[in-house]
Amino acid sequence: TLRGVIQNLPYLKELGINLLYLNPIFTALSYHKYDIVDCYHIDPCLGTDQEFRELVSRCHDMGIRVMLDLVFNHLSQQHPLFQDVLEKGGTSPYADWFCVHRFPAKDAGGHHYESFAFLEEMPKIHTDHPDTARYLLDIARYWLREYAVDGYRLDVANEVSHTFWRRFRREMEAVRPDVAIIGEVWHEAPEWIGRDQFHSVMNYPLLYAVWGFFGQDSLQAQEFTEIIGRRALLYRRDNVAAMMNFLDNHDTCRCYSICGRQRPRLR
């Protein structure tokens, strides 16, 4: 819970942590919370809006920044906007907000709209629609302005329009010039990295190299060195310095498992 995180901030500070990245904390139906039904409030199972405000304030007092996980590729099937589409079909004012192939969007034959991982529970958003883009950008501006969050990790970023991300970068930096914008891209991402979209991405190619060389003995030293060298040369120096490097995360095995549960190998 957010209260639990607040209570443990002194411990996190003692560890040397200076940034807290939270997976989605908005109102959702599942525990993973990537199926959001309300982007303007904290899910009650995690805490309250006021507790999140307190968390950000206390983090800032301790020199810790806070990054939120934004899900702008899809919403929950139970989101009020998509429920309106299911109810009214093509006459819904939100019919063009989602990638629906035909109406009714769902019937006995299945669902007829694009969705995350082909799961009907998470319909895909049409981010190039001007009203949809405005709706999403308002959400991102809200948490920057009202709660002073420091940046965003953008879920499934490679499946969202480049045009939208360019506008996102401009409008978020207009609110907060030092906002951090990191995209979830699982492969090399030169078309997203740079001056007009993301500051960096999640560095999965580096992760796989580390796993292969240190954890699984599937890479030789020369291969590992070549991969590291390519990572360093693929993007501008400031972008390389800002990459989100990690040994594991919420979408992967733990590095400890990759290392065969051998502590010396992990270290």
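**View 1. Strand S7 points residues both ways, and the four named here are buried.** Gly151 and Arg153 point one way from S7, while Tyr152 and Leu154 point the other way. Buried means under 20% relative accessible area, exposed over 50%, and partly exposed in between (1.4 Å probe, protein chains only). In a regular strand the side chains alternate between the two faces of the sheet. Strands here are DSSP runs of E with at least two residues; helices are DSSP runs of H or I with at least four; both are numbered from the N terminus. This is a predicted model: local features need pLDDT of at least 70, side-chain atom pairs count only at pLDDT 80 or more, and totals for chains, interfaces and linings use all residues. Residues are numbered from 1 along each chain as its sequence is written, and side-chain values use heavy atoms, with hydrogens and water left out.

**View 2. Five strands form an open, parallel sheet.** The order is S1-S4-S7-S8-S9. Two strands pair if DSSP finds at least two bridges between them. Strand S1 (19–22) and strand S9 (200–201) stand at the edges. Each has a single partner strand, so one side of each is left without a neighbour in the sheet. Strand S8 (residues 180–183) pairs with S9 in the parallel sense over two bridges. Gly183 stands opposite Val201 in S9.

**View 3. S7 pairs with S4 and with S8.** Four bridges join S4 to S7, and the two run parallel. Asp69 stands opposite Arg153 in S7. Four bridges also join S7 to S8, again in parallel. The bridge partner of Leu154 in S8 is Gly183. From S7 the chain crosses through H6 to S8, and this β-α-β crossover is right-handed. Right-handed means that, with the strands pointing away from the viewer, the path from the first strand over the helix to the second runs clockwise.

View 4. S1 and S4 pair in the parallel sense over four bridges. Leu20 stands opposite Val66 in S4.

**View 5. The largest nonpolar core has 60 residues.** Phe52, Trp143, Tyr152, Trp165 and Phe168 touch the most other members. The largest share of this core, nine residues, comes from H5. A second, separate core of 11 residues includes Ile182, Met244, Cys255 and Ile258. A nonpolar core is a set of buried Ala, Val, Leu, Ile, Met, Phe, Trp, Tyr and Cys residues joined through side-chain atoms within 4.5 Å. Beyond its neighbours within four places in sequence, Trp165 is in contact with residues including Phe72, Leu154, Trp192 and Phe198. Contact means heavy atoms within 4.5 Å.

**View 6. His129 is buried in a loop.** The loop lies between strand S6 (110–111) and helix H5 (130–147). His129 has a relative accessible area of 16%. The side chain of His129 reaches the backbone nitrogen of Asp131 at 3.1 Å. Leaving aside neighbours within four places in sequence, His129 is in contact with Asp96 and Trp97.

**View 7. Glu54 makes a polar contact with Arg3.** Glu54 lies in helix H3 (residues 49–61). The contact joins the two side chains at 2.9 Å. A polar contact is a pair of N or O atoms within 3.5 Å; within protein, one must be able to donate a hydrogen and the other to accept it, and residues adjacent in sequence count only if both atoms are side-chain atoms.

**View 8. Phe118 has a positive phi.** Phi of Phe118 is near 65 degrees, in a residue other than glycine. Phe118 lies in the loop between S6 and H5. Phe118 is exposed, with a relative accessible area of 76%.
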